[in-house]
Amino acid sequence: MPVLGYGSTRLLSEPGHQVAKQTVSVDSLFDPRHSFADAEAVIAGSKKVSKPNFDLLASNLRNLLALGEQDFIARRANKLHAHIGRKNITLRELSDGYQSVMALAMDIMQNLSSRTFDMDAVEGLVLLDEIELHLHPRWKIQIVDLLRNAFPRVRFIASTHDPLCVHGLQKGELQIMTKHPDTHRSEIVNHDIPFGKRADEILTGPWFGIPTTLDADTIDLMRQHSALLMSAYEANAVDIAMMQDLEGELRLRLGRFGDTRADRIGLIAEATMDVGFKLGERDAITQRRLATLLSGKAGDGAPDA
């Protein structure tokens, strides 16, 4: 089986750079300066690629670049041109994202299309580091499905640090690589993402393990609020006023914060968990806070749930 590997630096080759077709090529994974063959010269050359074959390749490239319905890829004077909107843009005038995907796609096409230019028929294994490189967020969400559709019989093994790129993965396709805290050995575990998860939920979930996506200043305000909430059942007027000011600022920043009684009960439980009390002490403190909240004291000016 052909095996192709691509590192995080995927650049268009220098014009005229010739490399023989390879069924095994992984140098790009280990050498960021590795140069691909000049696939543009091959694909855009009318003597090397017939019009029917070029039309197949151009259609695949157009779909992979997620171009509009009226946009298309053409060749002229042995060069590729992208007609996007009303602009005619040469390959090397495209953005880094377009160039990166074009460099990847054309190299795969050139190395895997031994007897056919129909990408529905070619097979192989492609290793791809940092699949999200240079891509716009809208494109990151689509890139897995775009590659799947462009090369349906090619198996891709890709790494990513972006939650947008894991949208659209099918059951069993997402593997999380972690290091065991005790043995420090690498472990790979399948952990699918349920449908409906937002990007921030994926970041703060078990897939990326980021504690929060909030900025440091907002987190500090929330910690101040938790500290005041810890002593809410014996708070004085100054503390209550300060807590209300913090809640007002946090509502402006977050859209909502402790708006309902249920929200405030959650904040109480979270503040208690942060302190590290023993279980019995934690339960007693939580009960006292809830009693204060239900009595309508401690600055609870929020509407009921």
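Helix α3, residues 51-64, lies across β3 and β4 and runs at about 140° to β3. Helices (H or I, at least four residues) and strands (E, at least two) are DSSP runs, numbered from the N terminus. Angles run from 0 to 180 degrees between N-to-C directions, and axes are lines fitted to C-alpha atoms, for helices over the stretch in contact; contact means heavy atoms within 4.5 Å.

The model is predicted: local features need pLDDT of at least 70, side-chain atom pairs count only at pLDDT 80 or more, and totals for chains, interfaces and linings use all residues. Residues are numbered from 1 along each chain as its sequence is written, and side-chain values use heavy atoms, with hydrogens and water left out.

## The sheet

An open sheet is formed by 3 strands in the order β3-β4-β5, with antiparallel pairing (two strands pair if DSSP finds at least two bridges between them). Its edge strands, β3 (72-76) and β5 (87-90), each pair on one side only. On average, neighbouring strands of this sheet are turned by 35° against each other, direction ignored.

Strand β4 (residues 79-84) is joined to β3 by 5 bridges. Phe 72 has His 83 in β4 as its bridge partner.

## Helices α7 and α8

The axes of α7 (residues 216-230) and α8 (residues 237-254) come within 10 Å and cross at roughly 145°. The residues of their contact comprise 9 nonpolar, 3 polar and 5 charged (Ala, Val, Leu, Ile, Met, Phe, Trp, Tyr, Cys and Pro count as nonpolar, Asp, Glu, Lys and Arg as charged, and the others, Gly among them, as polar).
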